[in-house]
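Welcome, and please load the model in your viewer. We will go from the whole chain to the sheet, then to a few single residues.

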Amino acid sequence: MADFLGMMKQAAQLQSKMQAMQEELGNVEVEGISGGGLVAVRMTAKMEVKGVKIDPSLLKESEVEILEDLIVAAHADAKGKIETTLQSKMQELAGGLQLPPGLKLF
């Protein structure tokens, strides 16, 4: 019974920490870059796109396909950085808790 109560206490602490982390993640921003800095996408850790920067040299009709590809690549870069950040935060949050493999908390 003591183990069960201990697990419940840990679960309550984890839930509290997760709520705090969710609030914190709204303030975390990353920038994905492609084309050697010609395109940048700024996103929050909640996957909200906050801004896109495009080098004026790409604003030519003949460069439309390249620009589209660079925007997609910059978004993918930002998403990868967010996933790395979330993974790191979850490791901090979970601490010594034994979570089942493959358990996703987000």
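One term to begin with: a contact means that heavy atoms lie within 4.5 Å. What you have open is a predicted model, in which local features need pLDDT of at least 70 and side-chain atom pairs count only at pLDDT 80 or more, while totals for chains, interfaces and linings use all residues. Residues are numbered from 1 along each chain as its sequence is written, and side-chain values use heavy atoms, with hydrogens and water left out.

**The whole chain**

Start with a cartoon view. Helices (H or I, at least four residues) and strands (E, at least two) are DSSP runs, numbered from the N terminus. Of the contacts with a separation of 6 or more, 51% join residues 24 or more positions apart.

Buried residues make up 24% of the 106 residues, where buried means under 20% relative accessible area, exposed over 50%, and partly exposed in between (1.4 Å probe, protein chains only).

**The sheet**

Next, select the strands. They form an open sheet in the order β1-β2-β3, with antiparallel pairing. Because β1 (29-34) and β3 stand at the edges with a single partner strand each, one side of each has no neighbour in the sheet. Neighbouring strands are turned by 15° against each other on average, direction ignored.

Two strands pair if DSSP finds at least two bridges between them. β1 and β2 pair over 6 bridges; select E31 and you will find R42 of β2 standing opposite. β2 (residues 39-44) pairs with β3 (residues 49-54) over 5 bridges, and there A40 has K53 as its bridge partner.

M47 counts as partly exposed because its relative accessibility is 36%.

**Across the sheet and into the core**

Bring in α2. This helix lies across β1, β2 and β3, at about 140° to β1; axes are lines fitted to C-alpha atoms, for helices over the stretch in contact, and angles run from 0 to 180 degrees between N-to-C directions.

Of its 19 residues, L25, V39, I82 and L93 touch the most other members. α1 (2-25), β2 and α2 (64-94) each give two or more residues, and α2 gives the most, with 8.

Centre on V39. Beyond its neighbours within four places in sequence, V39 is in contact with residues including I33, S34, L67, L70 and A74.

**Last stop: S34**

Where does S34 sit? S34 is in strand β1, and it counts as buried because its relative accessibility is 7%. Leaving out residues up to four places away in sequence, S34 touches V39, L70, A73 and A74. Draw a distance from its side chain to L70: a polar atom of the S34 side chain lies 2.6 Å from the backbone oxygen of L70.

Methods. A nonpolar core is a set of buried Ala, Val, Leu, Ile, Met, Phe, Trp, Tyr and Cys residues joined through side-chain atoms within 4.5 Å. A polar contact is a pair of N or O atoms within 3.5 Å; within protein, one must be able to donate a hydrogen and the other to accept it, and residues adjacent in sequence count only if both atoms are side-chain atoms.
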